[in-house]
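Q: Hi! Could you walk me through this model in plain words?
A: Happy to, just ask away.

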Amino acid sequence: MLLCLLGGASPASGAQVVLPDLRMAKLTTIRLDTTTMPGHRLLRYTATMVNIGPGALEVRGSRASTSDRIAVVQRVYNDDGTFSDVSKPITMQYAGDGHDHWHSLNMEGGRLVRLDNTKVGALAKHGFCFFDNVSFQLSLPGAPSSPVYDTGNSCAMGNPDALRVNMGLSIGWGDMYPASTNYQWIDVTGLPNGTYRLSATADPRHLVSEASYTNNSASARIKITSTGVTVLAYGPGA
């Protein structure tokens, strides 16, 4: 793997890169919402991005002044604790969905398709502040027993003038967006009742370096009716 090095300690001879491996946990709380936007039907669901890789996901944004655009690097660790900062095409912006913190754009995606894979809807939410807020698989080697990235050191909470913004996911930890979160929906107004496939994908644009991009999605086959949603099956190809 070719990395563009911007800084960091030099790895010792024989040190190996340990990359994150992002995936989505099982989708839950899949439901229809007809009250948030009168006249609309919104398909809501809870999505959790998790890191099951041998290394942490850590992105760091910085700028010289508040008038500058934030430049983002991924801090890529080696197994000896050294690291390299690698420039990444991630856009960070403040708020945008009623939350008083910074987001990394397009780190998750959601799609609703017919069973012939014709797209019929997409997740309304585009900005994500990710940090360790759900323990997922703490038996993984290197998984910390408590959060490393939390509200105190992530997303520059309440600071639109921040010059530095960090976000991350430790090994074995996840970041949950409950179904009740603003914009955590797909607008299905006017969509015929029937059977569809709902999928959520971590890092759909491959904005960060990962150990694998082949396992980033989770899905559910669902039946939408005039009164609600029924889950028929779960799985990557449900």
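Q: Is D203 buried or exposed?
A: D203 is buried, because its relative accessible area is 0%. Buried means under 20% relative accessible area, exposed over 50%, and partly exposed in between, using a 1.4 Å probe and protein chains only. Bear in mind that this is a predicted model, where local features need pLDDT of at least 70, side-chain atom pairs count only at pLDDT 80 or more, and totals for chains, interfaces and linings use all residues. Residues are numbered from 1 along each chain as its sequence is written, and side-chain values use heavy atoms, with hydrogens and water left out.

Q: Where is D203 found?
A: In the loop between β17 (194-202) and β18 (217-224). Strands (E, at least two residues) and helices (H or I, at least four) are DSSP runs, numbered from the N terminus. D203 also has a positive phi of about 45°, although it is not a glycine.

Q: And what is phi for N106?
A: Near 60°, which is a positive value in a residue other than glycine. N106 sits in the loop between β9 (102-105) and β10 (108-114). With a relative accessible area of 16%, N106 is buried.

Q: New topic: how many disulfides does the structure hold?
A: The structure holds 1 disulfide. C129 and C155 form it, with their sulfur atoms 2.0 Å apart. To count as a disulfide, a pair of cysteine sulfur atoms must be within 2.5 Å. In general, a disulfide is a covalent bond between the sulfur atoms of two cysteines.

Q: Which parts does the C129 and C155 pair tie together?
A: C129 lies in the loop between β12 (127-128) and β13 (134-135), while C155 is in the loop between β13 and β14 (164-169), so the pair ties together parts that are 26 residues apart in sequence.

Q: Why is the disulfide of C129 and C155 right-handed?
A: Because the torsion about the S-S bond is about 100°. C129 counts as buried at 3% relative accessibility, and C155 counts as buried at 0%.

Q: What is M167 in contact with?
A: Leaving aside neighbours within four places in sequence, its contacts include W102, F128, Y149 and both C129 and C155. Contact means heavy atoms within 4.5 Å. M167 is found in strand β14, and M167 is buried, with a relative accessible area of 0%.

Q: How far apart are M167 and T195?
A: They are 28 residues apart in sequence and 37 Å apart in space, C-alpha to C-alpha.

Q: What about P178, where is that found?
A: In the loop between β15 (173-177) and β16 (185-187). P178 is partly exposed, with a relative accessible area of 31%. Not counting residues up to four places away in sequence, P178 touches Y45, T46 and Q184.

Q: Zooming out, how many helices and strands does the chain have?
A: The chain has 0 helices and 19 strands. Its radius of gyration is 19 Å, close to the 18 Å that the globule rule gives for 238 residues, so the chain is as compact as a globular protein of that length. The radius is taken over C-alpha atoms, and the rule is 2.2 Å times the number of residues to the power 0.38.

Q: What share of the chain counts as buried?
A: Of the 238 residues, 50% count as buried.
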